[in-house]
Amino acid sequence: SVRCVYETDLTKFNGAESALRRLKMEKSDLLLLSDPPQEMLDQLNQDGFEVQMEELATDGLVFVVHADNPVDSLTIDQLRDIYTGTITNWKEVGGEDAEILPFQSLTDTGSQALMDRLVMDGEKRTDPLEGSSMLGLWDFSGLPYTYDNSPNAIGYTFYRHTQDLSLIHI
């Protein structure tokens, strides 16, 4: 007899922290992560796991703003300045006179690690906005929304997470 095996039978999609817990509990044999935070790799090594990293694919970051925001492009330097708190008002980058609300993940994630590597260039990000995160931009996690789609907000995620969205991205 022939048995068909689908990738959904073999894979489980989790955030980086949940995937790490599954590996530690021996419920997973392999992690596929995008730019895992160094702290996660260090923890795996401390826990006795031998980490072998292989690049399988590349991904990019997409920055998302409200559809009514007139800013349609930002430079890497401007993004860095927004996330360090140097630029705090949209008028500084060609937008309306309004405070910028820079959303980011509340925990170490692959998108945070990629943001640090590609955009921040060694600069420290401001602390995440209190009581908020980017979970509401895309409900791939099943967690409650906290992003309120404010006209003043900016957020980011991996390009692959935006494929089914009807959001304006820069």
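Biologist: In S3, which residue is the bridge partner of Leu-101?

Modeller: This is a predicted model, so the pairing is the predictor's. Strand S2 covers residues 101-102, and two bridges join S2 to S3. The two strands run parallel. Within S3, the partner of Leu-101 is Ala-153.

Biologist: And in S3, which residue is the bridge partner of Val-62?

Modeller: Strand S1 spans residues 61-65. Five bridges tie S1 to S3, and here the strands run antiparallel. The S3 partner of Val-62 is Thr-157.

Biologist: Is S3 largely enclosed or left open by the rest of the structure?

Modeller: S3 runs over residues 153-158. Buried means under 20% relative accessible area. Six of the six residues of S3 are buried, so the strand is largely enclosed.

Biologist: Are H4 and H5 roughly parallel or oblique?

Modeller: H5 covers residues 110-120. The axes of H4 and H5 come within 10 Å and cross at roughly 125°. That angle makes H4, relative to H5, oblique.

Biologist: Which residues of H5 make the contact?

Modeller: On the H4 side, the contact is made by Ile-76, Leu-79, Arg-80, Tyr-83 and Thr-84. On the H5 side, it is made by Met-115, Leu-118, Val-119 and Met-120.

Biologist: Which element has the highest mean pLDDT?

Modeller: The protein averages a pLDDT of 75, and 69% of the residues score at least 70. Helix H1, residues 7-10, has the lowest mean among the elements, 54. The highest mean, 96, belongs to H4.

Biologist: How many contacts does the stretch of residues 135-146 have beyond near neighbours in sequence?

Modeller: Over residues 135-146 the pLDDT is below 50. Where pLDDT is low, the predicted coordinates should not be read in detail. In the model, the count for this stretch is 25.

Biologist: Where is the place of Lys-91, and what is it in contact with?

Modeller: Lys-91 lies in the loop between H4 and S2. Val-71 is 20 residues from Lys-91 in sequence, with 9.3 Å from C-alpha to C-alpha. Leaving aside neighbours within four places in sequence, Lys-91 is in contact with Glu-96 and Asp-97.

Biologist: What pattern does the protein follow along the sequence?

Modeller: The secondary structure comes to five helices and three strands. Read along the sequence, the pattern is α-α-α-β-α-β-α-β.

Biologist: What share of the 170 residues is buried?

Modeller: The protein exposes about 11100 Å², with 48% of it supplied by carbon and sulfur atoms. Of the 170 residues, the buried share is 35%.

Conventions: Residues are numbered from 1 along each chain as its sequence is written. This is a predicted model: local features need pLDDT of at least 70, side-chain atom pairs count only at pLDDT 80 or more; totals for chains, interfaces and linings use all residues. Side-chain values use heavy atoms; hydrogens and water are left out. Buried means under 20% relative accessible area, exposed over 50%, partly exposed in between (1.4 Å probe, protein chains only). Helices (H or I, at least four residues) and strands (E, at least two) are DSSP runs, numbered from the N terminus. Two strands pair if DSSP finds at least two bridges between them. pLDDT is the predictor's confidence in each residue, from 0 to 100. Contact means heavy atoms within 4.5 Å. Accessible areas come from the Shrake-Rupley method with a 1.4 Å probe; for residues, only the protein chains shown count as cover. Axes are lines fitted to C-alpha atoms, for helices over the stretch in contact, and angles run from 0 to 180 degrees between N-to-C directions. Angles under 35 degrees count as roughly parallel, over 145 as roughly antiparallel, 65 to 115 as roughly perpendicular and the rest as oblique.
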